[in-house]
Amino acid sequence: MEEFFRTHTYLVEHTNAAVRRTLMDEINWNDRLIGIKGTRGIGKTTFLLQYAKENFDVNDKNCLYVNMNNFYFQGRGIADFAGEFYREGGRVLLIDQVFKHPEWSPELRKCYDLYPGLKIVFTGSSVMRLKEENPELNGIVKSYNLRGFSFREFLNLKTGSCFTPYTLDEILNNHERIVKDILPKVSPLMYFQDYLHHGFYPFFQENRNYSENLLKTMNMVTEVDILLIKQIELKYLTKIKKLFYLLALEGNKAPNVSWLAQEIETSRATVMNYIKYLADARLINMIYPPNFQFPKKPSKVMMHNSNLMYAIYPIAVKKQDVMETFFVNTMWKDHKVNQDPKNDFYTVDNKLRFRVCDAKESDRKRPNNDFIYARFNTEVGRGNQIPLWLLGFLY
C-alpha cells in the first residue's frame with residue numbers, strides 16, 4: 001500500500017492542468033460511485049489527479065489514485081484492495097482505466113455494498129455502456145463524459161484569458177453583446193483554424209507531432225478499447241479500421257451500407273454494429289432524422305471532431321464539412337442534434353433550425369427568419385446570424 005501512496009504523491013505533485021475543465025464543477029462529488037468516460041487522450045488521468053490536488057493535501061492518505069494498468073491487479077481484486085485501503089482510513093479511491101480489470105463491474109458493486117463510507121471515482125473508455133451492459137451498476141453509478149477542449153478552453157490556454165462558457169439561450173439572445181466583450185481582448189479567428197486542426201485533444205501541448213500522436217490514439221481506440229470492451233476477435237480489426245477510413249473519405253453524408261458491406265466483406269447488419277462501436281468510441285458522430293435512432297440508418301455520418309479529419313486524410317478535407325463537424329461536436333454536449341436527409345439544415349432540441357454557412361456567401365442572400373445562421377469567416381454577427389466560433393463557448 002505504501003508503494004501506491006508514493007506513486008500517488010509523485011503524480012499529484014507533478015500534475016498541473018493547464019485548463020481547469022468545466023466538468024469538475026458539474027459532477028456531484030457527494031455520490032459514492034462516479035464514472036468518468038472519455039476517449040483516449042482526452043485527459044481523464046489528469047482530471048482525476050487534478051481532483052485529488054484540489055481537494056486533498058498531497059500526503060493525505062484519505063485519497064489514493066491507482067491505475068488498473070498496474071500488473072499488481074492481475075492477481076488481486078478491486079474490492080479486496082479497496083477493503084484494505086478503507087480499513088487503513090482511506091475514504092476516496094480514484095481508479096484509472098477500470099476496464100483493464102476483467103471483473104471490474106461486479107468488483108465495483110462489491111465495493112459499493114461492503115464499504116458504505118468509501119467513495120470511488122473511476123475512469124473508463126467512452127466505448128463502455130456503464131448501465132446498459134453492466135446491470136449490477138444500474139441505479140448506483142453516476143456517469144459523466146469528459147470531452148476534448150472546447151474552443152473557449154483552447155482560446156483561454158493560448159491567450160491566458162479567462163473566458164467563461166455561455167448557454168445556447170444566452171448566445172442566441174445576446175451574441176452581439178458577448179462578442180463586443182470578447183473582441184477587445186482577443187481575435188478569435190486568429191486561433192479558430194488552429195483549434196479545428198489540432199485543438200481538441202489536450203496532447204497538442206506536448207512536444208510531439210500532433211497528427212502522428214492522434215493517429216496512434218485512434219489506432220489504440222480501435223485495437224484496444226473497441227476490441228477489448230466489445231469482445232471482438234482480433235481477426236475483425238482490419239475490417240473496423242477500413243470501415244473507419246472509408247467513412248472518413250466519404251465525408252459528411254449518409255453511409256452507403258451496402259457498398260461498405262461489400263468493401264469490408266461483411267454483412268449490412270455488421271457494418272451498422274461497427275458504425276455504432278465507432279460512434280461509442282467518439283471517433284464518429286451519427287446524425288439521425290428527428291424521432292429516429294440506432295439501429296436505423298443515420299441520415300449522416302461525420303467524424304467526431306475536426307482534428308480527426310485533418311489527421312486521417314488532410315488533402316480531402318472540405319471546409320464546409322469541417323465547419324459542420326465543429327458545429328455538431330460543440331452542440332453535442334448538452335443538446336440534441338438531428339437532420340432530415342432531405343434538408344440542408346440541422347434541428348437542435350427538436351425546435352431550433354440551424355444552417356452552417358460561409359459569411360461571405362450568406363451576405364449576398366437575404367436571411368430567412370425561420371433559421372439561425374451559424375456563419376464562419378466572420379467574427380461578428382447580427383440578429384439571427386451568429387458567428388460560428390462563438391458556439392465553441394458552450395462549454
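The second largest pocket of this predicted model has a volume of about 670 Å³. Of the 22 residues that line this pocket, R129, K276, D280, M286 and W332 are the closest to its centre. A pocket is defined on a 1 Å grid over the protein atoms alone as an open set of points where a 1.4 Å probe fits, with protein on both sides within 12 Å along at least five of seven lines, and lining residues have an atom within 4 Å of a point. The volume is the space filled by probe spheres set on the points, which are joined across faces, edges and corners. At least two lining residues come from each of α12 (268-280), β6 (284-287) and β8 (337-338), and β6 gives the most, with 4 residues. Helices (H or I, at least four residues) and strands (E, at least two) are DSSP runs numbered from the N terminus. The lining divides into 9 nonpolar, 6 polar and 7 charged residues; Ala, Val, Leu, Ile, Met, Phe, Trp, Tyr, Cys and Pro count as nonpolar, Asp, Glu, Lys and Arg as charged, and the others, Gly among them, as polar.

Residues are numbered from 1 along each chain as its sequence is written. Local features need pLDDT of at least 70 and side-chain atom pairs count only at pLDDT 80 or more, whereas totals for chains, interfaces and linings use all residues, and side-chain values use heavy atoms, with hydrogens and water left out.

The largest pocket has a volume of about 810 Å³. Its lining comprises 35 residues, with G41, I42, G43, K44 and T45 lying nearest the centre. The elements α3 (44-55), β4 (119-125) and α9 (210-230) each supply at least two of the lining residues. By class, 11 are nonpolar, 15 polar and 9 charged.

Several backbone features fall in loops. R282, in the loop between α12 and β6, has a positive phi of about 60° although it is not a glycine. R282 is partly exposed, with a relative accessible area of 22% (buried means under 20%, exposed over 50% and partly exposed in between, with a 1.4 Å probe and protein chains only). Q97 also has a positive phi, near 55°, and lies in the loop between β3 (92-96) and α5 (104-114); at 16% relative accessibility, Q97 counts as buried. A cis peptide bond with omega of about 15° joins F294 and P295, and P295 is placed in the loop between β6 and β7 (300-303).

The structure holds 22 salt bridges, each a side-chain nitrogen of Lys or Arg within 4 Å of a carboxyl oxygen of Asp or Glu. In one of them, E54 pairs with R20, the closest N and O atoms being 2.9 Å apart. Because E54 lies in helix α3 and R20 in the loop between α1 (2-13) and α2 (23-26), the pair ties together parts that are 34 residues apart in sequence. E54 is partly exposed at 36% relative accessibility, as is R20 at 40%. Within helix α5, D113 and R109 are 4 residues apart, about one turn of the helix, and form a salt bridge with closest N and O atoms 3.2 Å apart. A further salt bridge joins the side chains of E206 and R208 (2.3 Å, N to O). Salt bridges that share partners join R20, D25 and E54 into one network.
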